[in-house]
Amino acid sequence: MTEETPLLEVIMQLIMYGGDAKSKAMEAIHLAKQGQFESAQAKIAEANASLSQAHHAQTGLLTKEASGEHIQASLLMIHGQDHLMNAITFIDLAKEVIALYQEMQELKEASHEA
């Protein structure tokens, strides 16, 4: 195993877990659009769990850097960090979209009761 292998594994975790978190957030939006709000919230919880895994990988890199071990930045690492940041943003946005769909559903039900 080369010196770069552990770093590559961490970068791949950022990409994998960040991408998974974003995908689950997108699934949550689709579920909310269909009125399945409990399932949408469950998908958001799954997205947050994947995001936590990505953060864990990132924290390992940050800890090494803070303790004086230089971490070589590469295009692949930047790509991994990009996945993580996009996942964070997408989950936040998904929560807002779900809340809007839920509010629209509640207004629709209230107008039918009137």
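Modeller: Helices here are DSSP runs of H or I, at least four residues long, numbered from the N terminus. Keep in mind that this is a predicted model.

Colleague: Let me try that on one residue. In which helix is Leu8 found?

Modeller: Leu8 lies in helix α1, which spans residues 4-33.

Colleague: Now the inside. How many residues has the largest nonpolar core?

Modeller: A core is built from buried nonpolar residues joined through side-chain atoms. The largest one here has 26 residues. Ala25, Ile44 and Ile98 are among those with the most contacts inside it. Helices α1, α2 (37-66) and α3 (75-113) each supply at least two of the core residues.

Colleague: Which helix gives the most to this core?

Modeller: That is α1, with 10 residues.

Colleague: Take Ile44. What is it in contact with, leaving aside neighbours within four places in sequence?

Modeller: Ile44 is in contact with Ala25, Ala28, Ala94, Lys95 and Ile98.

Colleague: Which residue does the UniProt annotation "active site" cover?

Modeller: It covers His79, and the entry is unreviewed. Such annotations may be inferred rather than shown by experiment. In the model, His79 is found in helix α3.

Technical notes:
Residues numbered from 1 in each chain as written. Predicted model: local features only at pLDDT ≥ 70, side-chain atom pairs only at ≥ 80, totals over all residues. Heavy atoms only, no water. Core = buried A, V, L, I, M, F, W, Y, C linked by side-chain atoms within 4.5 Å. Buried < 20%, exposed > 50% of the residue type's maximum accessible area, 1.4 Å probe, protein only. Contact = heavy atoms within 4.5 Å.
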